[in-house]
Amino acid sequence: QVQLVESGGGLVQTGGSLRLSCAASGRTFNNYAMAWFRQAPGKEREIVAVANWSRGSTYYADFVKGRFTISRDNAKNTVLLQMNSLKPEDTAVYYCAAGRGFPREAHGYSDWGQGTQVTVSS
């Protein structure tokens with residue numbers, strides 16, 4: 001089991017940037033898919049980005065391509081989500097998740113963080 005703790009959320013104006021961090025403990029994430037999901041009020045949880053560095057694979061949802069980047073800091077066992085050009089519709093709780101393979105659906109992930117709120121004001 002992997003323990004995940006997100007941080008870095010907050011309030012930002014339209015066009016601004018935030019960087020989310022997900023600290024992983026229990027195991028290294030080298031052999032896991034690490035993903036960011038988000039959930040806005042009244043909406044289902046949706047995938048934002050996923051990476052499996054062992055496979056050399058990354059995926060981004062269309063609505064974040066060119067604006068968000070998923071990366072890792074091996075020394076800190078941390079997964080990052082750099083979010084640029086933020087829009088009000090990016091407002092949501094963002095969750096970090098770990099799972100096997102390269103799933104793009106929430107049910108494919110076994111370990112979840114508690115979430116961090118991102119609010120983009122217009």
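Biologist: Which residues are linked in a network of salt bridges?

Modeller: Arg38, Glu46, Arg67 and Asp90. Bear in mind that this is a predicted model, where local features need pLDDT of at least 70, side-chain atom pairs count only at pLDDT 80 or more, and totals for chains, interfaces and linings use all residues. Numbering runs from 1 along each chain as its sequence is written, and side-chain values use heavy atoms, with hydrogens and water left out.

Biologist: What makes Arg38 and Glu46 a salt bridge?

Modeller: The rule wants a side-chain nitrogen of Lys or Arg within 4 Å of a carboxyl oxygen of Asp or Glu. For Arg38 and Glu46 the closest N and O atoms are 2.8 Å apart, so the pair passes. Asp90 and Arg38 meet in one too, at 2.9 Å, N to O.

Biologist: Why is Arg38 called buried?

Modeller: Buried means under 20% relative accessible area, exposed over 50%, partly exposed in between (1.4 Å probe, protein chains only). Arg38 has 5%, so it's buried. Asp90, at 1%, is buried as well, whereas Glu46 has 32% and is therefore partly exposed.

Biologist: How many salt bridges does the rule give?

Modeller: Four. Among them is Asp62 with Lys65, the closest N and O atoms being 3.2 Å apart; both of those residues are exposed.
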